[in-house]
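Visitor: I would like to learn how to read charged side chains and helix faces in a model such as this one. Could we go through it step by step?

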Amino acid sequence: MLADHLGRTRGVQTAPERIAVTAGSTQALAILAEMLVAPGDAVAVENPAHTAARQVFRRRGARLLPVPVDEEGIRVSDLAATGTAPRVIYVTPSHQFPWASVMSLGRRAALIELAARVGAIIIEDDYDSEIRHKGSPVPALQGLAPESVAYVGSFSKLLAPTLRLGYAVLPSSLAQPFAHHKQLTDYHTPGIEQEAMAEFIAGGHLERHLHRVRRIYRVRRRALAGAVAAAFGNRAAQIHGDETGLHVRLRLASPWTGQAPALAARRAGVGVSPLEDYWEGDGMPPGCHLFLGHGSLAEPGIHQGIRLLAEVEKRAPG
């Protein structure tokens, strides 16, 4: 059921025997790190990136190679310029977290070519790509290179954060080793949840649920865009990455820097995260970049939060 669903909705090329069910996507990532990474191995990660992913690789003793992203995704030429052959390349191509860009087809082809040349495995974290607001969901990177990409996902964003049910779609060479490592970790993922999810998919309920939540999140995304335009007026405030997913990047023409914007916003009752929370090393892009999640807020809460953020920004020293 899951193989058919992923093939139909994400363009994933696989067979059931190459899918491992896990207790969430983080467990899938941790098992892949245990299998593939030895202490001292180089692992390329997007910069900025989800802190949990970096922590998983650091626990394995990996040497992280932070690679900047831009509006087309990971800058493959920057990775090639390091002259280092990473063992693993970790990416979020369908909706980069947190920069919110979508990897272009050219970058995807270049990344696959580089991985093949240096013998690296690409780990694709497809954490929220099914929640598309404009057009059809961007197909998974895995569909272009099934034997080079380990595809990781979960049902947490679609159904409930407490539902610890994820999966890894594996190259054929990794399927059996992954199953062995998974068995040593927790023997197996509870079967009741798996049976319920299989019936949920087979009955068409998951796709109907997807259509419903896409409509809900599309309305919230529009509310966010309207709230930003209304609250910031003619002052520069640009939303990036609102085509898909449950968060956006808000760039402000503001003197704010460092942790100050997020701290001031939180004191006013608005939860935002600054770029500094996700950046590794030097060379951080200039400007004030804030990341806003809107999945759990109804329209009134979105408008109120943006109004408070604009009021705080007006008082920023400059």
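This is a predicted model: local features need pLDDT of at least 70, side-chain atom pairs count only at pLDDT 80 or more; totals for chains, interfaces and linings use all residues.

Visitor: How many salt bridges does the structure hold, and which residue forms one with arginine 54?

Guide: The structure holds 12 salt bridges. Arginine 54 forms one of them with glutamate 280, where the closest N and O atoms are 3.1 Å apart. Because arginine 54 lies in helix H3 (residues 51–59) and glutamate 280 in the loop between strand S11 (273–274) and strand S12 (288–293), this pair ties together parts that are 226 residues apart in sequence. Arginine 54 has a relative accessibility of 6% and therefore counts as buried, and a network of salt bridges links Arg54, Arg58 and Glu280.

Visitor: Which residue forms a salt bridge with arginine 249?

Guide: The partner of arginine 249 is glutamate 71, with the closest N and O atoms 2.7 Å apart. This pair also links distant parts of the chain, since arginine 249 is in strand S10 (residues 247–252) and glutamate 71 in the loop between strand S3 (63–70) and strand S4 (73–74), 178 residues apart. As to accessibility, arginine 249 counts as buried at 1%, whereas glutamate 71, with a relative accessible area of 46%, is partly exposed.

Visitor: What should I look for around glutamate 46, which is buried yet has no salt bridge?

Guide: For glutamate 46, in strand S2 (residues 42–47), the nearest side chain of opposite charge is arginine 107, which is 9.0 Å away; a salt bridge would need a nitrogen and a carboxyl oxygen within 4 Å. The side chain of glutamate 46 does make polar contacts, one with the side chain of threonine 92 at 2.8 Å and one with the side chain of glutamine 96 at 3.1 Å. Leaving aside neighbours within four places in sequence, the residues in contact with glutamate 46 include Val67, Val69, Ile74, Tyr90 and Val91.

Visitor: Now for helices: why do residues three or four places apart point the same way?

Guide: An α-helix has 3.6 residues a turn, so residues at that spacing point the same way. In H10, the residues Ile302, Gly305, Ile306, Leu309, Ala310, Val312 and Glu313 are buried. They cover an arc of only 160° around the axis, which puts them on the same side of H10. Pro300 and Lys314, on the other side of H10, are exposed. The buried residues of H10 pack against H8, S10, helix H9 (260–267) and S12. As for length, the 16 residues of H10 should span 22 Å at 1.5 Å a residue, and the end C-alpha atoms are 23 Å apart, which agrees.

Visitor: Is histidine 303 buried, partly exposed or exposed, and what is it in contact with?

Guide: Histidine 303, which has its place in helix H10 (residues 299–314), counts as partly exposed at 29% relative accessibility. Leaving aside neighbours within four places in sequence, histidine 303 is in contact with Ala223 and Ala227.

Notes: Residues are numbered from 1 along each chain as its sequence is written. Side-chain values use heavy atoms; hydrogens and water are left out. Helices (H or I, at least four residues) and strands (E, at least two) are DSSP runs, numbered from the N terminus. Buried means under 20% relative accessible area, exposed over 50%, partly exposed in between (1.4 Å probe, protein chains only). Contact means heavy atoms within 4.5 Å. Lys and Arg count as positive and Asp and Glu as negative; His and the chain ends are not counted. A polar contact is a pair of N or O atoms within 3.5 Å; within protein, one must be able to donate a hydrogen and the other to accept it, and residues adjacent in sequence count only if both atoms are side-chain atoms. The expected span of a helix is 1.5 Å times one less than its number of residues. The arc is that of the directions from the helix axis to the C-beta atoms.
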